[in-house]
Amino acid sequence: MRLYLLLAGARLRGQTQYRVSFALQVASSFTSTFVELLALLILFRTFSSLGGWSVGEVAFLYGLASVSFALAELFGEGLEQASRMIREGEFDRVLTRPVAPLLQVLAADIQPRRIGRLAQGILALALAGRWTTIDWTPLKAALFIGAIASTAVVFLTVFLIGAAICFWTIESSEFQNIFTYGGTELASNPLQIYSRWLQGIFLYIVPLGLTTFYPAAHILAKPDPFGLPPFTPFLAPLVAALFLGLGLLIWGLGLRQYQSTGS
Amino acid sequence: MRVYLEAARMSYRCYRTYGAATLAGLATNGFFGLLRSSVFIAFYEGRPIAEGYTLDDALTYVWLTQGMIMPLFLWGWLEIADTIRSGSIASDLAKPLDYFGFWLGRDLGRAAYHILYRWLPTILIGLIFFGIGLPGSALAWLAFALSFLLAIVLSFCLRFMINVVGFWTTDVRGIMGMVLLFVNFLTGFLVPLEFFPPALRAIVTELPFAAMISIPNKIFLEQAQGRDLLLLLGRQLFWVVVFVGAAWLLLRSATRKLVVQGG
């Protein structure tokens, strides 16, 4: 852990050397996601509810997904770079060092510009706070924090699996975007508006539905459209941990059969 | 003229070699199309028409715009900026042909590829799974084709100008990201401009960005006939003339201060 902080800290200092460029990137990260939020608000001008959820409630779900994804992006940038390292043979260097490869990959890149998305997610949550009346209890607060952490872990695991798949395919694939960018987009809306098989995929395979929708529905006191057991919202951390375990397993398998591309 | 056609043909063939990437990209466009469709279907529940759009219109809009992403290359393009960085721009400028025309030719070749392999399949997916509407007459198709072409040229000019800013600064990436994000919103890609609040809408429809997505979309949906249709096309043509002129002027002042990097 100390080593990660050391390596990531060095990266961070490097990143912030170019002030103007850095400011522009943060600003663009903020606007990119901000216009999405704006688009949602514009649609809610015309329509009053989305699958039985009001604008404030959807903003809450949206903010929850956004903040989690931003955290995952912030710490998982190195995983997105892993495919390049593998393709260019740079990964060999990682393997020769006496530090766990995953730790090195994670610390290889950290992108503070992602705070733009984070800021936007917090803005959405603030708006949701104004537009809804949530009956906060300590349990709900804990669930809220747990949901954000769990969702971030799920996204990080998607990055991890995406990187691990490169051990076999060498090429990275745009397919991963379906579960990352597509995943946040999907998780920003109430799950009942999607078709059954989409719901199935995002509840039981990439469990974003369990880490975002269910905790949010519980906090907002919305009915459960799928009739799952009442303790389902509290399963988020467990589900995220299981999914992470699966990701680590795939990463380990990939690492074991990794063959250098040479050069 | 032949040399520009040749540039277009080469660039078309260059893109055709990436079959797997095309498939992954299509899957991503399709997935987002599915999500956006689900949102509109849920919003329209129990409501036949909103802001002049029926649900079918909204779905057509979703799949048309999803298909237009790649032909218009909305997610950014830095090929020229890269040649400025590497210094190879010097040899491009030394070629005995018009620099702007050369890149326009290349971009149209690329767009032809993306229309055939990204736009057309995306429209087909929308047609098969969501029964979207298509223009009903040959004339409507012709008008749309013309409008689409003008939109592509306009988008090229915008991207060209952002790249040329690279003559002054080596950090075009941030600017490109920033501009294209606004573009996403102002073109009516995220939400049709018809849904905007009236005051905002009055401004946005006057901007050149509307000519990139909103106008072709209106024409595809056959929302304008006769004189109105001609006015829309005229508006697009006007912006194309302005943008080509601006791109030309910018290029001229840029090449005057060219400092070639590398060597």
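Reader: Which residue forms a salt bridge with Arg235(B)?

Author: Start with the general idea. Side chains of opposite charge can pair when their charged atoms come close. Now the case here, in a predicted model. Arg235(B) forms a salt bridge with Glu206(B). Their closest N and O atoms are 3.3 Å apart.

Reader: Where do Arg235(B) and Glu206(B) lie?

Author: Arg235(B) sits in helix 11 of chain B, residues 226-256. Glu206(B) sits in the loop between helix 9 (198-204) and helix 10 (214-220) of chain B. The pair therefore ties together parts that are 29 residues apart in sequence.

Reader: What is the relative accessible area of Arg235(B), and what is that of Glu206(B)?

Author: For Arg235(B) the value is 31%, so Arg235(B) is partly exposed. Glu206(B) is partly exposed too, at 46%.

Reader: Which salt bridge does Glu6(B) form?

Author: Glu6(B) pairs with Arg9(B). The closest N and O atoms are 3.1 Å apart. Both residues lie in helix 1 of chain B, residues 2-16. They are 3 residues apart, about one turn of the helix. Glu6(B) is partly exposed, with a relative accessible area of 33%. Arg9(B) is partly exposed as well, at 43%.

Reader: Now Arg110(B) and Asp107(B). How many residues apart are they in helix 6 of chain B?

Author: They are 3 residues apart in that helix, which spans residues 99-130, so about one helical turn separates them. Arg110(B) forms a salt bridge with Asp107(B), and the closest N and O atoms are 2.8 Å apart.

Reader: Are these two residues buried or exposed?

Author: Apply the cut-off: buried means under 20% relative accessible area. Arg110(B) has 1%, so Arg110(B) is buried. Asp107(B) has 3%, so Asp107(B) is buried too.

Reader: How many salt bridges are there over all chains?

Author: A search of the whole structure finds 8. How many run between chain B and chain A? The count there is 0.

Reader: Then how do I read the interface? What is the area buried between chain B and chain A?

Author: The general idea comes first. The size of an interface is often given as the accessible area lost when the parts come together. Between chain B and chain A, that area is about 3000 Å². Carbon and sulfur atoms give 79% of it. There are also 4 residue pairs in polar contact, both residues at pLDDT 80 or more.

Reader: Where is confidence lowest in chain A, and where is it highest?

Author: Take the whole chain before its parts. Chain A averages a pLDDT of 86, and 94% of the residues score at least 70. Confidence is lowest in helix 1 of chain A (residues 2-15), at a mean of 72. The highest value, 94, belongs to helix 11 of chain A (residues 208-219).

Reader: One last residue. Where is Gly129(A)?

Author: Gly129(A) is in helix 6 of chain A, residues 115-131. With a relative accessible area of 48%, Gly129(A) is partly exposed. Ala108(A) is 21 residues away along the chain. The C-alpha atoms of Gly129(A) and Ala108(A) are separated by 37 Å.

How values were computed. Residues are numbered from 1 along each chain as its sequence is written. Chains are lettered from A and ligands numbered from 1 in the order in which they are written. Side-chain values use heavy atoms; hydrogens and water are left out. Buried area is the accessible area (1.4 Å probe) that two parts lose on being put together, summed over both. A salt bridge is a side-chain nitrogen of Lys or Arg within 4 Å of a carboxyl oxygen of Asp or Glu. A polar contact is a pair of N or O atoms within 3.5 Å; within protein, one must be able to donate a hydrogen and the other to accept it, and residues adjacent in sequence count only if both atoms are side-chain atoms. pLDDT is the predictor's confidence in each residue, from 0 to 100. Helices (H or I, at least four residues) and strands (E, at least two) are DSSP runs, numbered from the N terminus. Buried means under 20% relative accessible area, exposed over 50%, partly exposed in between (1.4 Å probe, protein chains only).
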